[in-house]
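Let's walk through this model one region at a time. Have the sequence and the 3D view open as you read.

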Amino acid sequence: MSFKLASDYEPRGDQAQAIGKLVRSLQAGHRHQTLLGVTGSGKTFTAANVIQALDRPTLVISHNKTLAAQLYSEFKQFFPENAVEYFVSYFDYYQPEAYIPSSDTYVEKDSSINEEIERLRLSTTSSLLTRRDVLVVASVSCIYGLASPMDFLEMLLTIRSGQVLSREVLLAKLVEMLYERNDYEFGRGKFRVRGDTVEIQAGSADDEGVRIEFFGDEVDRITRFDPLTGHSNGQLTVFTLFPAKQFVTPADKLQAAMRSIRTELEERVSWFESNGKLLEAQRVRMRTEYDLEMMQEMGFCSGIENYSRHLTGRPPGSRPYTLLDFFPKDYVLVVDESHASLPQIGGMYEGDKVRKTTLVDHGFRLPSALDNRPLNFPEFMEMTHQGLYISATPGAFELRNSVVGNTEFLPNPKGGLGEAGAGGLRRVSRTDVPVEAFDVTTPGAVLIAEQIIRPTGLLDPEIAVRPLRDQIDETMELCRQRAEINERSLITTLTKRTAEDLAEYLKDVGLRVRYLHSDIDTIERVEILRGLRAGDFDILIGINLLREGLDLPEVSLVCILDADKEGYLRSQTSLIQTAGRAARHVNGKVYLFADTVTQSMRQLLEITEYRRSKQMEHNTKHGITPQSVRRAVQESLHTILRGGDEGRLAEGGGAEGQTLAETLKELEEEMAKAAGLLEYEKAALLRDQIRELKAGAGLVVETKIQVAAQKKGPFKKKGSWGKKVR
């Protein structure tokens, strides 16, 4: 199928020109192009139109799970008839294996897998191998190791009605594909046998099973059915089944891998012994022998991914197979919030390498464990053939690469494209090609599409600079004025202590204020932001949490204290992103408190002036009256039981008539449901409330680390987590 965009909206503002420019550039075969879109300009809708026009498999990368889930929901609505998939880390909780030499402390790997996300990951790989109309929304998890696509295809099983196939051969194949036989509790990744009938629920299936009926050694009938009711949903003539897990290896390759692992083990033990490291030699022998025994008997072991190089037959030092290997060569990469996502991708490799090198040096892992790693940035770029980078503040990588021919960017005293490049940079090209005459085949053309006209007609907020001397008193008065007309304010400081002290001071003078920083629990942060929108208080003080990703339409004032303290928190990117928090309100205004105008401040002022002039010109030309964004305030995450009875919940009970056990059971069901719907904040809140209820009732609440410390194995710990291990 082709990508088919379903939307009641047509491109508005400068969306149409951005779509046309990006499509022409991508169709011309250029590798890098950037969409410079301001906050609230509909960048996701523009990207959806580009994807439809290109009609090629697409990978969309976001730098965190929450934003990825939001993008996944939006693209599912835009492309209801196509395969929109979700690929993020399937760990609800993950503690990596590590060793701390200074205290001789070994930390065992521990994790909790979210089964719904694992199903979505399997659905992703299955779709990529069977169809072209696939759009995958992923986090940085997509650069971590997976099984080889060739092994995945080799393990694929196709069954046809009338095919000669014995039941015993089918059952053996299902076990090899890591399906679990369970005749009593049927579910995803399991099968059951009833006489000449075998029922299977695929690893990527949600709520549908397949019933295969045999007549002797022949497949008599294949039927889809509802696992809950058993009712048939229709017959199939052919059925293709993928493995139940993403890490699969054919039996012959597993045996060859075990021989290779044993060879490496003997070499490593010999090296340790020859260098007088007898403790390390004993450690690596115990661990590896135990893992080999588990692989021989069970087909897998804990931490089997550390042997991925042997299992896939790759040479030492080679890159791992990842999700990118499942895409065809002509796929398109879309990087959302590229100024944050690309640095994150580039930073994964080194941190992983340092941790594993310590494990290898002290005998906890074989050297081949170093080949179980994320891609480094050059490897990632080698596997991406065409990319679209989306950001309101593109980074140096995007600016440097989104050109054709010999072009470079230099600091510019004015903002915008044409005379200037994106983000306050001007284009200097030997060919001196004007952007207005954009032609992607011309050397020196800038492949950056601006999208600065909002469909709502909203302008970028006005920027004003005020002296530092009276910044607290003036901020207090500005916030008071906004509160009187029921509008919200944000204040950014440089330190946590300043945020707390300022909040206390403003509270003492009668203002309704809260502060927000990294020491506050994640769920409480969500509640604080909800409270600001709902009008529970008028002013929110923060540090770096008031940047990209915050959608606060009620905020009309942003005060940036100490704006002239040049650095990460007051860089050009930070200032533009922070100022954008006031861009959803018609009365939006930003105050910079400074005694000197820094380079970053100057660029913010110039870019804002350039954008406002174009936005006002467009509004005047088309008779548009700017309107504030209006969006319903989300329900409090604390309202989870019928009637939202938080009082009884806090006292250890639930809704009226419920026992503690019934309340806990209901909360656990709600938590599982929230996780299945990708509502991570709600699921985490429910988890915390379950723990509080258990603790209040005197029940033992074990943490993941405490449970991990009690595990048996070749590296059993002495006592609880954190003790020394010999």
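Is H618 buried or exposed? At 16% relative accessibility, H618 counts as buried, where buried means under 20% relative accessible area, exposed over 50% and partly exposed in between, with a 1.4 Å probe and protein chains only.

## Ground rules

This is a predicted model, so local features need pLDDT of at least 70 and side-chain atom pairs count only at pLDDT 80 or more, while totals for chains, interfaces and linings use all residues. Residues are numbered from 1 along each chain as its sequence is written, and side-chain values use heavy atoms, with hydrogens and water left out.

## The chain as a whole

The protein chain has 21 helices and 27 strands. Both are DSSP runs numbered from the N terminus: helices are H or I with at least four residues, strands are E with at least two. Of its 726 residues, 54% count as buried.

The accessible surface comes to about 32700 Å², and carbon and sulfur atoms own 50% of that; such areas come from the Shrake-Rupley method with a 1.4 Å probe, and for residues only the protein chains shown count as cover. Now for contacts, meaning heavy atoms within 4.5 Å. Among contacts in the protein chain with a separation of 6 or more, 72% are between residues 24 or more positions apart.

## Back to H618

H618 sits in helix 17. Leaving out residues up to four places away in sequence, H618 touches G13, I453 and I624. Take I453: H618 and I453 are 165 residues apart in sequence, yet their C-alpha atoms are 7.6 Å apart in space.

S489 belongs to strand 23 and is buried, with a relative accessible area of 0%. Not counting residues up to four places away in sequence, S489 touches C479, R482, D538, I539, L540 and L557.

T492 lies in strand 23 as well, and T492 counts as buried at 2% relative accessibility. T492 and I543 are 51 residues apart in sequence, with their C-alpha atoms 5.1 Å apart.

## Cysteines

A disulfide is a covalent bond between the sulfur atoms of two cysteines. Here a disulfide is called for a pair of cysteine sulfur atoms within 2.5 Å, and the count by this rule is 0. What about C559 and its closest cysteine sulfur? That sulfur is in C479, 4.8 Å away, too far for a bond.

C559 is buried at a relative accessible area of 0%. C301 is buried too, at 5%.

## Helix pairs

Two packed helices are described by the angle between their axes and the distance between the axes. Axes are lines fitted to C-alpha atoms, for helices over the stretch in contact, and angles run from 0 to 180 degrees between N-to-C directions. Under 35 degrees is roughly parallel, over 145 roughly antiparallel, 65 to 115 roughly perpendicular, and the rest oblique.

Helix 7 (residues 251-274) and helix 8 (residues 278-298) cross at roughly 170 degrees, their axes coming within 9 Å. That makes helix 7 roughly antiparallel to helix 8. The contact includes L254, M258 and L265 of helix 7 and L278, V284 and L292 of helix 8.

Helix 1 (residues 15-27) and helix 2 (residues 43-54) pack at about 40 degrees, axes 9 Å apart, so they are oblique to each other. Their crossing is right-handed, meaning the near helix is turned clockwise from the far one by less than a right angle, with anticlockwise being left-handed. Among the residues that meet are I19 and L22 in helix 1 and F45 and V50 in helix 2.

Helix 13 (residues 471-484) and helix 14 (residues 496-508) have axes within 12 Å that cross at roughly 55 degrees, so this pair is oblique. The crossing of helix 13 and helix 14 is right-handed. Here I472, D473 and M476 in helix 13 meet L502, Y505 and L506 in helix 14.
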